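I opened this notebook to record what I looked up in one model.

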Amino acid sequence: MTESAIIDLRARGVSAIVFSSGPAFNVLGPDLARLSARHNAPAIFSTRDFTAAGGLASYGTTIEEQYRILAGYIGRILAGAKPADLPVQQPTLFDFSINLKTARRLGLAIPLTMLARADEVIE
């Protein structure tokens with residue numbers, strides 16, 4: 001997503017953006033955070049880097065959790081398990097961060113219940 005896309009979304013009345021996770025978005029996360037902040041578009045992403053770069057919030061699994069799951073699969077395969085026989089696993093640990101500085105700049109009040117649930121609040 002480029003700056004022109006964010007400008008177009010805002011012109012169409014989009015009031016907030018939820019960015020998906022994936023290789024392209026993960027690489028562009030900090031840039032997307034800066035662009036969405038520049039255009040006063042509240043945005044949420046899946047990784048903490050986004051929030052640290054100025055995005056409003058992030059919620060998603062951590063890379064450490066993904067590697068933990070991957071290591072479990074590798075260990076089973078090295079012990080002789082067939083990959084096709086292994087169950088699909090979902091992450092169980094998630095990270096929720098809020099950038100209060102961004103919220104204030106956007107004129108948003110974050111409820112105390114959300115702040116209490118956040119793993120990290122950036123001020």
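**Basis.** I worked from a predicted model, in which local features need pLDDT of at least 70, side-chain atom pairs count only at pLDDT 80 or more, and totals for chains, interfaces and linings use all residues. Residues are numbered from 1 along each chain as its sequence is written, and side-chain values use heavy atoms, with hydrogens and water left out.

**Strands.** I took helices (H or I, at least four residues) and strands (E, at least two) as DSSP runs, numbered from the N terminus. I looked up strand β4, residues 94-99, and found 5 of its 6 residues buried; buried means under 20% relative accessible area, exposed over 50%, and partly exposed in between, with a 1.4 Å probe and protein chains only. I then checked its partners, where two strands pair if DSSP finds at least two bridges between them. β3 pairs with β4 in the antiparallel sense over 5 bridges, and A57 stands opposite I98 in β4. β4 and β5 (residues 120-122) run parallel and are joined by 3 bridges; here I98 stands opposite V121.

**S58.** I located S58 in strand β3. S58 has a relative accessible area of 1% and is therefore buried. For polar contacts I used pairs of N or O atoms within 3.5 Å; within protein, one must be able to donate a hydrogen and the other to accept it, and residues adjacent in sequence count only if both atoms are side-chain atoms. The side chains of S58 and S97 make such a contact at 2.6 Å, and the S58 side chain reaches the backbone oxygen of T47 at 3.4 Å. Leaving out residues up to four places away in sequence, I listed the contacts of S58 (heavy atoms within 4.5 Å); among them are I44, F45, R48, T51, D95 and F96.

**T102.** I found T102 in helix α5, residues 100-106. T102 counts as buried because its relative accessibility is 7%. Beyond its neighbours within four places in sequence, T102 touches G54, G55 and L56.

**Largest pocket.** On a 1 Å grid over the protein atoms alone, a pocket is an open set of points where a 1.4 Å probe fits, with protein on both sides within 12 Å along at least five of seven lines; lining residues have an atom within 4 Å of a point. I noted 14 lining residues, with T47, T61, T62, I63 and Q66 nearest the centre. α3 (48-52), β3 (57-61) and α4 (63-78) each give two or more residues to this lining.
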